[in-house]
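Please read this briefing alongside the sequence and the model shown here.

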Amino acid sequence: MQVNRPLGTEDLIDRDARSWNEMQRMAFDMFRRYGYVPVETPMFEQTQLFVHGIGTSTDVVGKEMFTVRSPGALKKMGEGAALKPDEVLSLRPEGTAGTVRAVAQNNLLPTGGAPVKLMYAGPMFRAERPQRGRLRQFHQIGVECLGAHDASIDAETVIMLMRFFEQIGIPGESMRLLVNSMGDENCRPAYRTAIRDYILAHSEDLCDECNRRADTNPLRAFDCKNERCREVMEGAPKISDALCDDCREHYTRFKRHLDDNGIAYEEDPRLVRGLDYYTNTVFEVQVTDGLGSQNAIGGGGRYDKLMSIVSGKDAPGFGFAIGYERIMLALGAAGVDLVGEDALDVYVASVDDSCRDTAFNVMMSLRDAGLFAEADHQGRSLKSQFKQADRYGASICVVLGPDELAEGQVAVRDLATHEQERVRIDDITGYCVDAMQRR
Ligand code: HAM
């Protein structure tokens, strides 16, 4: 029997797994300087959290959630009984809703103090049609800042993200930062109605899905992939013309901070994003090289109502998430590698079987001294042990032969210079540590 991994998932092996770890390390190191602390929330939550938080008319909730059932719930279903809401679970499609729930449930909300700033990294799950840069299990790194409405939070978070992308090596000229304001509960309803009316007035030219959206979620029509719908929606009223004074002022201050800090951006009045919780600022970072249509490497925005929707408490929020797999594609296109080869420090070779036990002990003491050391475990000839050392990219090869061992010595070969010398076996660990430090 051969079982393959599920559709739309990947195995992260060696370089990929190390790159994922390295990206998290770099991100957390930087975000920490902006006041973020790590959080780990469950990979599954009650489905109602996502339904209410993200919105029923979004693709993520409507079409893409993986449901999870405990054996007890399955038994109940088998008996025809209805499940209680807390028995209906889904794998998390994103990290914001779970983080906001955790803040509320753990009473982390600031009471007059500084905002709560949380960062996370982990797999997310969406049952999308897999393609390049679009997976069913993908990895996000994200931040959520709760408790402050000021536009300076929007700006510092976006600036932090752009600095991060710069630091990991995505070329500035291949990135586009798109920004928009979605308004708030004062100005958005009228705008929503205006878009609904626009869709109804152009219903013949728009696809069925967009027509359906007229009543459920008209702003989503801006996100339609259909070329004709895109052209028609180009002519729709712009949210920038419909913002109330507060939202306009908030958006202006956000952009002014970006200008003052040298962050280039493009205003895109049609950027609506795929999740319903956004208010005011939204943004997305797209790359022009290496990704094709799935070109958003990160996105986020403000969500001042999400906390009250999922917990009944009130706190404004702002955050973003970035996609590991898409960033790796963008870095690949730019020829950037996050991790070098993990080359071996020392290979310990044995001339014949009589030396193997000592070789094992030398290898172990090298490892105890902090070096990356290997020896043969398959009874290979000396020649193939040397080949093995080359394959590992070893810096040093320690060769144990019966004649040298009889004199308490080993041969040490520098595999870069091919220089060879004899070292007392008792000194070999210190010798290798010094040699590696000198490199
Ligand atoms: P999102 O735009 O849905 O936002 O996802 C953020 C990023 O995750 C995307 O820009 C993309 O790089 C990556 N991504 C999303 N779906 C996939 C997929 N199927 N395969 C590969 N990568 C993917 C959110 O998730 C929000 N929670 C962001 C946020 C945080 N807003 C406020 N706070």
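In strand β4, L89 is the bridge partner of V68. The model is predicted, so local features need pLDDT of at least 70 and side-chain atom pairs count only at pLDDT 80 or more, whereas totals for chains, interfaces and linings use all residues. Residues are numbered from 1 along each chain as its sequence is written, and side-chain values use heavy atoms, with hydrogens and water left out.

**Sheet**
- Two bridges join β3 to β4 (residues 89–91), and these strands run antiparallel; strands are DSSP runs of E with at least two residues, and helices are runs of H or I with at least four, both numbered from the N terminus.
- Three strands form an open antiparallel sheet in the order β2-β4-β3, where pairing requires that DSSP finds at least two bridges between two strands.
- The edge strands, each pairing on one side only, are β2 (44–46) and β3 (67–68).

**Aromatic pairs**
- There are nine aromatic pairs, counted for rings of Phe, Tyr and Trp (its six-membered ring) whose centres lie within 6.5 Å, with planes under 30 degrees apart called stacked, over 60 edge-to-face and the rest tilted.
- F31 and F320 form an edge-to-face pair, at 5.8 Å centre to centre and 80° between the planes.
- This pair links distant parts of the chain, since F31 lies in helix α1 (residues 15–32) and F320 in strand β11 (residues 317–323), 289 residues apart.

**Cavity lining**
- The lining of the largest cavity has seven nonpolar, one polar and no charged residues, where Ala, Val, Leu, Ile, Met, Phe, Trp, Tyr, Cys and Pro count as nonpolar, Asp, Glu, Lys and Arg as charged, and the others, Gly among them, as polar.
- The lining residues are N180, M182, Y191, L219, F222, I239, P269 and V272; a cavity is a set of points on a 1 Å grid over the protein atoms alone where a 1.4 Å probe fits but cannot get out, and lining residues have an atom within 4 Å of a point.

Note on methods:
1 Å grid on protein atoms, 1.4 Å probe; cavity = no way out; pocket = protein on both sides within 12 Å on 5 of 7 lines; lining within 4 Å.
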